[in-house]
Amino acid sequence: MNLEDLDRRDFVKMGAGMISVLSLSPSASAMFKPVESDQPLLVAMIGVGRQGRLILGELEKFGFVKVAALCDTDERRLKSAQRRAPEARIYDDARALLDGEKEVQAVFLATPTHQHREIAVAALEAGRHLYCEAPLATTLEDAKAIAAAAAQAKALFHGGLQLRANPIYQLARSFVRSGAIRDVVALRGQYHRKGSERVPADDPAREKALNWALYRESSIGLPGEKGIHSFDTVNWFLGKRPVAVAGWGEIMLHRDGRDIPDTVHCVLSYPDQVKMIYDATLANSFEGSYQLFLGTMGAVKVIGNLGWLFKEADAPTQGWEVYAVRQQFHKEEGITLIANATKLARQGKLKEGVGLPYPELYYGIEDFLAGIVEKKTETACPPLAALEAAVVAIKTHEAVVQGKEIALQDEWFNIG
Amino acid sequence: MLGSKTTCADLRSARYTMGTRFEVALFGKNFTHLQAAGEAALDEVEFLNDRLDLFKPHSFLSHLNRWAFEKPVRLDPDLFALIELCLGVHKASEGAFDVTVGPLMAQWGFRGKSGDAPVVKTVAGDMKKVGSDKIELDRASRTIRFKEAGMALDLNAVAKGFALDRAADVLREAGIERALLHGGTSTVLALGTPPDAPAWTIGVEDPDGTRRGLLKVVHLAEGALSVSSPLSHCAETAGRVRGHLMDPRIGAPVSSKIRLAAVKTASATLSDAWSTALGVGGIDLLKKIGNSFPQVTGLVVAERSKGCCCEMAGPETYVFKNFNPVEKFSGEKI
């Protein structure tokens, strides 16, 4: 069972040793009201494949948002998306959308990664707020170009690293940065999900376009598409970026003509001799995805909308721990990280606050929309953060493909 | 409940989701394409589970239940159509099927709460929050609103069927013409026919475990079959084991008079909904429906009373076509 899939039904089944009521109650959920606005916001969705569909699903939760236009070069996908947003006008060319939809204020970009640059720069130069899915691009040159356009634009930019707006990750980061686990000595991250990730295409002409993620000519593979979220989480928590990256990759299961490895092992070397071990595989689902920070006084583990603090036996006890909600995992006992814990504890409802009321993707989107509504100058994922994560992801993939270590140059991380 | 005898599939793909095991059996020559199509179909089921799972606080359904009394909540066209369908079955079944049973399911211990039997006052209180007539759907804005605070939609009675229908759409879009899909063996959907027969052979198990053989064999070609059995999931409240099928009309689980209701029709969503409705309403409902929904066939197994309320004479099985006429079924064994 993957911990990220646990819900109340599973907790009840687990029985002895587990607190039987561990879920987000309606009153706790109500503390997370979606941002609202009196003014309607017209948005466009460019790229309506799998990720585009998920974004459309989250946009439904914001009553003031209207999806005015959809764009995709694949006719079938466009028709499918139009079924879900029947009021939207459809385009097969992004420039035509930007020229034809003057009232659209914000663009969500979810095309294949290697196609981001031209559209992202055009949208920003046209003065539209831009939510660009991570990673920014598949090459350093493209990533820098997007980051530069975003830094210069007056419009708001979000680089798609949604975990930066996730309340549990924000809470976990505060524990790490405040010294709750003392000195970080090691890091671990993984993405395990069995599946080919292949999009079915009965037409050979569509097959390569739809399955861009499986080929080196168009993809930065698992480090780029999945690992980037782990790499960015570490960068953000520690306030540092790696100095070198190394990796190995193989095709272990899906020998279907792809040339991108379906299983990768990466080592990211951070300052002060701290290393992150990251692995990703499409051949096995054990324990799903998580991020782990190991320190001299404890560990912090985050999985989607859940997080825990595991303390060493010799770690000092804080007063608030007496009231903490704890969960048992075999031999380890974790203190559950709960957003709004202080408020809930005052109401005697701490146990009802486990989890979050919205999926991970929602928080990035809400951060972006709130930034527009509240006229902020920056989102939780500004251009520099997006660029730094993209550089790490691009170079890690390169290391995997070449089977060697790559020292990361400072100049790669500069926008201008 | 259901088992199938099929030609050996060229590829089987399975996944645990919606609290059960979904499986897709595919036929064709291109293994890579079949695998991708099967995964895409199961991805669709998982996507819908994330949206419709009442147990997940971050599902869209939880979001809807959280806010729909305070303000209208916008729905995507598929979910809007699903709720419209549920309202249609609610009306045609004279209230035996109702997706607003959320508060009752929680009260009776089927949604993780304690197993204390609700007191009459509590049930009466919860009944104010139940009733599809308290749902307001606005077609122009494609929104839903609740008229009473504390209402909650529970789509578990149709979620598997709905997911199978959408999964089949994904397979069709991928150019797949033959497939058999099921969700936890209580709902099965056939896409086309098997390569070497005019239909898939599906067995409906006898709800009385002491009998040998199958109750009925159903041949399925491009259609769906759902089976509802009130005692398949139970909860204990006040020392009594009760089946999970809620009768929304009285605010309590149905009595065990209905042993099984099986419905066959073109869509798995509809077969799911009607098998639940008949599991609640039984023979009496069957006799009242008439020709509301054509192309719906099935059978209901009900306990027969000898006249005295305490004495049961064994189960009777009624077969129906287009809900009408109702015929007794001799219960031949296979």
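In strand S12(A), A:Val300 is the bridge partner of A:Phe293. Five bridges join S11 (residues 289-295) of chain A to S12(A), and the two strands run antiparallel. The model is predicted.

**Strands S11, S12 and S13 of chain A**

- S11(A) and S12(A) are joined by a hairpin through two residues.
- On its other pairing, S12(A) meets strand S13 (residues 306-311) of chain A in the antiparallel sense, over six bridges.
- A:Lys301 has A:Trp308 as its bridge partner in S13(A).
- S12(A) and S13(A) also form a hairpin, with two residues between them. In that turn, A:Gly304 has a positive phi of about 55 degrees.
- Strand S12 (residues 298-303) of chain A is mostly covered, with six of its six residues buried.
- In a regular strand, side chains alternate between the two faces of the sheet.
- A:Gly298, A:Val300 and A:Val302 point one way from S12(A). A:Ala299, A:Lys301 and A:Ile303 point the other way. All are buried, A:Lys301 included.

**The six-stranded sheet of chain A**

- An open sheet in chain A has six strands in the order S3-S2-S1-S4-S5-S6, with parallel pairing.
- Strand S3 (89-91) and strand S6 (157-158) of chain A stand at the edges. Each has a single partner strand, so one side of each is left without a neighbour in the sheet.
- Inside this order, S4 (residues 106-109) and S5 (residues 129-132) of chain A pair in the parallel sense over four bridges.
- A:Tyr131 in S5(A) is the bridge partner of A:Phe108.

**Backbone exceptions**

- Most residues other than glycine have a negative phi, and most peptide bonds are trans.
- A:Ala134 and A:Pro135 are joined by a cis peptide bond, with omega about 0 degrees. A:Pro135 sits in the loop between S5 and helix H7 (140-152) of chain A.
- A:Glu197 is not a glycine, yet has a positive phi of about 60 degrees. This residue lies in the loop between strand S7 (184-192) and helix H9 (204-210) of chain A. A:Glu197 is partly exposed, at a relative accessible area of 25%.
- B:Glu94 is not a glycine either, and has a positive phi of about 55 degrees. The loop between H3 and helix H4 (102-107) of chain B holds B:Glu94. Its relative accessibility is 47%, so B:Glu94 counts as partly exposed.

- A:Ser230 belongs to helix H10 (residues 221-238) of chain A. A:Ser230 is buried, with a relative accessible area of 10%.
- Leaving out residues up to four places away in sequence, A:Ser230 touches A:Gly189, A:Met276, A:Tyr278, A:Tyr290 and A:Gln291.
- A:Leu253 is in the loop between strand S8 (244-250) and strand S9 (263-269) of chain A. A:Leu253 is partly exposed, with a relative accessible area of 38%.
- Leaving out residues up to four places away in sequence, A:Leu253 touches A:Lys194, A:Asp262, A:Leu282 and A:Ala283.
- A:Lys194 is 59 residues from A:Leu253 along the chain, and their C-alpha atoms are separated by 9.4 Å.

**Chain B overall**

- Chain B contains seven helices and 19 strands.
- Of the 334 residues in chain B, 57% are buried.
- Among contacts in chain B with a separation of 6 or more, 62% are between residues 24 or more positions apart.

**Helix packing in chain B**

- Two packed helices are described by the angle between their axes and the distance between the axes.
- Helix H3 (residues 77-92) and helix H6 (residues 156-173) of chain B pack at an angle of about 135 degrees, with their axes 12 Å apart. That angle makes H3(B) oblique to H6(B).
- The crossing of H3(B) and H6(B) is right-handed.
- H3(B) contributes B:Asp78, B:Leu82 and B:Cys86 to the contact. H6(B) contributes B:Val158, B:Phe162 and B:Arg166.
- The residues in this contact of H3(B) with H6(B) comprise four nonpolar, no polar and two charged.

Note on methods
Residues numbered from 1 in each chain as written. Chains lettered and ligands numbered in written order. Predicted model: local features only at pLDDT ≥ 70, side-chain atom pairs only at ≥ 80, totals over all residues. Heavy atoms only, no water. Axes fitted to C-alpha atoms, helices over the stretch in contact; angles between N-to-C directions. Parallel < 35°, antiparallel > 145°, perpendicular 65-115°, else oblique. Left-handed = near helix turned anticlockwise from the far one by under 90°. Contact = heavy atoms within 4.5 Å. Nonpolar A, V, L, I, M, F, W, Y, C, P; charged D, E, K, R; others polar. Pairing = 2+ DSSP bridges. Buried < 20%, exposed > 50% of the residue type's maximum accessible area, 1.4 Å probe, protein only.
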